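Trainee: I am new to this structure. Could you take me through it step by step?
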Amino acid sequence: MNIEHSFASLGLAEPLLRAIAEAGYRTPTPIQAQAIPLVLEGGDLLAAAQTGTGKTAGFTLPILQRLATGNGKAKPGRPRCLILTPTRELAAQVKESVDTYGRFLKITSMVMFGGVGIQPQVNALRKPVDILVATPGRLLDHADQRNVDLSGVEILVLDEADRMLDMGFIRDIRKVLALLPRQRQNLLFSATFSNEIRQLADGLLHQPGYVEVARRNTTTELVEQTAHRVPQKHKRHLLSHLIRTRMWYQVLVFTRTKHGANRLAEQLGKEGFGAAAIHGNKSQGARTRALADFKRGKLQVLVATDIAARGLDIDQLPQVVNFELPNVPEDYVHRIGRTGRAGARGCAVSLVDPEETKHLTAIERLIRQKIACVEAEGFVAPVAEPAEPAEPAREARPPRQAREGQGRRVQERPHKPRRAKAGPPLHPDRPRGDGRARGGKEQRSTEPAAKVPTPRRGQDRQRPALFAAKPSGQGQRKGGGSVPE
Ligand code: AMP
């Protein structure tokens, strides 16, 4: 089977095959093999697939072909295809895919999301646009201001629909749907199928084709998952040790809180690693820059919170670290899904404080797999370190304006917690509430400020080195291990 034939057999035209070959893809992924012919036929589609499966090309390629061969014509501010995504990063990446695969076609596209100035988007809308990639909030802003006319949409894509609902976009989605013509092709992509998603799909799709690819994160053998037992206060030392000794050149590190992400990036920077943090409080410009630098290899470490990292597509990301385990087990699956993509091998390492054992157990139950707890070779914890304060369960939120910059709506806007009504938010980046911003009201931590782990019986082999009370002395080394100071 040669390169072109495998994609060509799906019915894709020559300019697309050329772009695919230039992107270096040899064979279609399972979602592409199933979805492309269905979309080319013009029917609605319900697809169970998450990022990392090649789903973006799965819908972008046939859409480009349909638009290029159809009778419609792009007009200023009146897109023919609308792709809705939950986050700015995902929107930017989808737009990148449209550009990559559509480079030999005369198809125009643009991307719009909040957190950046609206005027450049208004200007772009004055030109003909075939494909509009957008996050729901900013799209509605433009629709309210009559900058965009959605009555010419021939194809609608809801990408990562479950994330959009998780983030409270259902009302916005319904408003957008009301602006679309009745006659159109609808494609809905979702990693999970809650009742809410089913309801949305029932109302939206007409006799859809259904494609499903294995939930790669729960079945993949491409991601090697391990854990190190380590008290919170020693995590950063262990992380530096791992980066150095294992020569990680590109590592995505997850923290539970925005504050924790900032602090860790700063500490790593002081130790000489190129590191930056991305999270919801960073300006869009800073996030885009950090991601671009990381992708280009200018930054060795990108520290991110879950929401900021959602949908990040970094080719062949080799290494993911859970600096703290997420308290929502599903987030672990999303996190490790950043690596081991499209056939490449990846590694996910979790740093687990004794307090996080319950999270580890919940994750293992979810993925139906034991995560091997291994000793970090050559690592000796430093002594006489001040205790690291435990990560607060809640994090103070700055006023919305300060967080979001321009624009009326909040892109990383939460709607409601996934579970508990009372208590702290399930996700520190995803505060509780009805999704509307609450001007500047700060939430305070309910956790004690600092916690020093107490040695317990029966902890793993690494424990003695980590918990042992050693005579004071900075930067002690043992067994050849490096101790960052
Ligand atoms: P996605 O699931 O759309 O986020 O894609 C995940 C990654 O797979 C992206 O980096 C794509 O560039 C890559 N990719 C998509 N299709 C293929 C393919 N057929 N062969 C190899 N890599 C692919």
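Trainee: What share of the residues counts as buried?
Mentor: In this predicted model, 47% of the protein's 485 residues count as buried.

Trainee: And how many helices and strands are there?
Mentor: The protein has 19 helices and 14 strands.

Trainee: What about contacts between residues at least 6 apart in sequence?
Mentor: Of those contacts, 78% join residues that are at least 24 apart.

Trainee: What is Val133 in contact with, leaving aside its neighbours within four places in sequence?
Mentor: Val133 is in contact with Ile83, Thr85, Ala91, Val94, Lys95, Val98, Ser109 and Val111.

Trainee: Let us change topic to helices α16 and α17. At what angle do their axes cross?
Mentor: Helix α16 covers residues 329-336 and helix α17 covers residues 357-367; their axes cross at roughly 70° and come within 8 Å. Angles from 65 to 115 degrees count as roughly perpendicular, so α16 is roughly perpendicular to α17.

Trainee: Is the crossing left-handed or right-handed?
Mentor: The crossing of α16 past α17 is right-handed.

Trainee: Which residues meet there?
Mentor: From α16, Pro329, Glu330, Tyr332 and Val333 meet Ala362, Ile363, Leu366 and Ile367 of α17. Seven residues of this contact are nonpolar, one is charged and none is polar.

Note on methods: Residues numbered from 1 in each chain as written. Predicted model: local features only at pLDDT ≥ 70, side-chain atom pairs only at ≥ 80, totals over all residues. Helix = DSSP H or I, 4+ residues; strand = E, 2+ residues; numbered from the N terminus. Buried ≥ 20, exposed ≤ 12 C-beta atoms within 10 Å, placed from the backbone. Contact = placed C-beta atoms within 7 Å. Axes fitted to C-alpha atoms, helices over the stretch in contact; angles between N-to-C directions. Parallel < 35°, antiparallel > 145°, perpendicular 65-115°, else oblique. Left-handed = near helix turned anticlockwise from the far one by under 90°. Nonpolar A, V, L, I, M, F, W, Y, C, P; charged D, E, K, R; others polar.
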